[in-house]
Number of protein chains: 2
Amino acid sequence: MLTLFELCGARGDVRFSPFVWRIKLMLAHKAIPHETKTVTFTDKAALTGSGVKTVPVIKDGDKWISESLTIARYLEDNFSGDRLFETPLAAEQAVIINNWFDRNIVMPMFPMIVTDIYDALDTANKKYFKATREPRLGGRKIEDMRAGRDELRAAFRANFSPLESILATNAYLSGETPAFADYCLMGSLVWPHIVSDFDPISESAVLRDWRDGMFDQFDGLAGNAPRAV
Amino acid sequence: MLTLFELCGARGDVRFSPFVWRIKLMLAHKAIPHETKTVTFTDKAALTGSGVKTVPVIKDGDKWISESLTIARYLEDNFSGDRLFETPLAAEQAVIINNWFDRNIVMPMFPMIVTDIYDALDTANKKYFKATREPRLGGRKIEDMRAGRDELRAAFRANFSPLESILATNAYLSGETPAFADYCLMGSLVWPHIVSDFDPISESAVLRDWRDGMFDQFDGLAGNAPRAV
């Protein structure tokens, strides 16, 4: 059976990686049976043999595959079930769309929820996370990052316009049913949902409504997932 | 006949807008007969009736259409000729791809070539351009912006990775022949080519080779266009 490796917090049932969530939702989309195993920032023993140290990683038989877009394409090429990409060219150009979500959705949310991620970790992982992530915060302390996030959220709203323009005339970013682009966005948004009470997209009714529908998908896979808060 | 409105410099044959170039190339792609009219930053009298003040604008019969993506979709829906979008969904999701190019290719090149754009304008337009663009330069003077652009170019290279990954296995961003994504990129790159001797993509052999092919397209439409330098 296929194995998906996930990042967890101090509690093993708190699975918060945005990139892993993209794959969790895609596995559900294609109805691919799988089991999950967890790693933490400081204990990645389960990934020995994969050649990489960052999740998502899947193991299918004796094959290891890493990086969310590479995994998405692997799932599309090797499993039946609903399609993730409309055409082979769409799978190629997905690298641009994937990068758009990473830069315009994931990265801007990081300072808004970094304190909450930190709070969800155990002592050893807190130490690791602080040492590796605080240098990305422009001289600020992780513990102080909740201050000012209302302003970051207000500015973040400008990034939504391409998404809102698609959703003005489509139920999903991928048309009438969700597919790759929707899981890119939803994985990104489950991340704050799992670790935080702060909602980075609260100002967009269009995105909130879309997210509500995605929360309910697959018997509430994302909406009912254990939260740290 | 359809009319395309273009921005020109002090010399009327110097047409440098990256967004207009996207449309010029798409008109050629679909072999749509058209004439062009020019405007400058300070003289947009030709656009009276369009309701907008920024090019590209086209007039088709008595219909005005503005904004490059809206125009691209209009051309696709109303003219035969080679397709710009593989599917209707691709035309919808193109808003994400279009935004990716604006943010990751056009915007980072602006400080590298802003002095060259300035130099290509006449006195009245220089004054307007300086007043409206200098506030975007973080306190620096337009005339001083050539200093430091080597460092900006070196950092800019990181933005190419999604494009280089597509071009590793495809002749064009749109597969075997150019289409929308290619014209988004090429329009963006004709902009520095027209106004400057500084090449923002000189460090990427993959992008340079792709651009050389695009320069030759349509009897050298882009490659033989009059330059300010």
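**Close-up 1. Parallel pairing of β1 and β2 in chain A.** In this predicted model, strand β1 (residues 2-7) of chain A pairs with strand β2 (residues 34-39) of chain A in the parallel sense over 6 bridges, where two strands pair if DSSP finds at least two bridges between them. Within this pair, Thr3(A) stands opposite Glu35(A) in β2(A). From β1(A) the chain crosses through helix α1 (residues 18-29) of chain A to β2(A), and this β-α-β crossover is right-handed, meaning that, with the strands pointing away from the viewer, the path from the first strand over the helix to the second runs clockwise. Helices (H or I, at least four residues) and strands (E, at least two) are DSSP runs, numbered from the N terminus.

Residues are numbered from 1 along each chain as its sequence is written, while chains are lettered from A and ligands numbered from 1 in the order in which they are written. Local features of the model need pLDDT of at least 70, side-chain atom pairs count only at pLDDT 80 or more, and totals for chains, interfaces and linings use all residues, with side-chain values taken from heavy atoms and with hydrogens and water left out.

Close-up 2. An open sheet of 4 strands has the order β2-β1-β3-β4 in chain A, with mixed pairing. Because β2 and β4 of chain A stand at the edges, each with a single partner strand, one side of each is left without a neighbour in the sheet. Neighbouring strands are turned by 25 degrees against each other on average, direction ignored. β3(A) and β4(A) pair in the antiparallel sense over 4 bridges, and the bridge partner of Asp60(A) in β4(A) is Lys63(A). Helix α1(A) packs on the sheet, touching β1, β2 and β3 of chain A, and its direction makes about 150 degrees with that of β1(A); axes are lines fitted to C-alpha atoms, for helices over the stretch in contact, and angles run from 0 to 180 degrees between N-to-C directions. Helix α2(A) also packs on the sheet, touching β1, β3 and β4 of chain A, at about 130 degrees to the direction of β4(A).

**Close-up 3. The buried side of α2 in chain A.** The buried residues (under 20% relative accessible area, 1.4 Å probe, protein chains only) of helix α2 (residues 68-78) of chain A include Leu69(A), Ile71(A), Tyr74(A) and Leu75(A). What covers the buried residues of α2(A) includes β1, α1, β3 (57-60), β4 (63-66), α3 (88-119) and α7 (180-195) of chain A.

**Close-up 4. The crossing of α7 and α8 in chain A.** The axes of α7(A) and helix α8 (residues 205-220) of chain A come within 11 Å and cross at roughly 90 degrees. The two helices are therefore roughly perpendicular to each other, a term that covers angles of 65 to 115 degrees. Among the residues that meet here are Tyr183(A), Leu185(A) and Leu189(A) in α7(A), and Trp210(A), Met214(A) and Phe218(A) in α8(A).

**Close-up 5. Phe101 in the largest nonpolar core.** Of the 148 residues in this core, Phe101(A) and Phe101(B) touch the most other members; a nonpolar core is a set of buried Ala, Val, Leu, Ile, Met, Phe, Trp, Tyr and Cys residues joined through side-chain atoms within 4.5 Å. Leaving aside its neighbours within four places in sequence, Phe101(B) is in contact (heavy atoms within 4.5 Å) with residues including Ile96(A), Arg22(B), Val106(B) and Leu163(B).

Technical notes: Buried means under 20% relative accessible area, exposed over 50%, partly exposed in between (1.4 Å probe, protein chains only). Angles under 35 degrees count as roughly parallel, over 145 as roughly antiparallel, 65 to 115 as roughly perpendicular and the rest as oblique.
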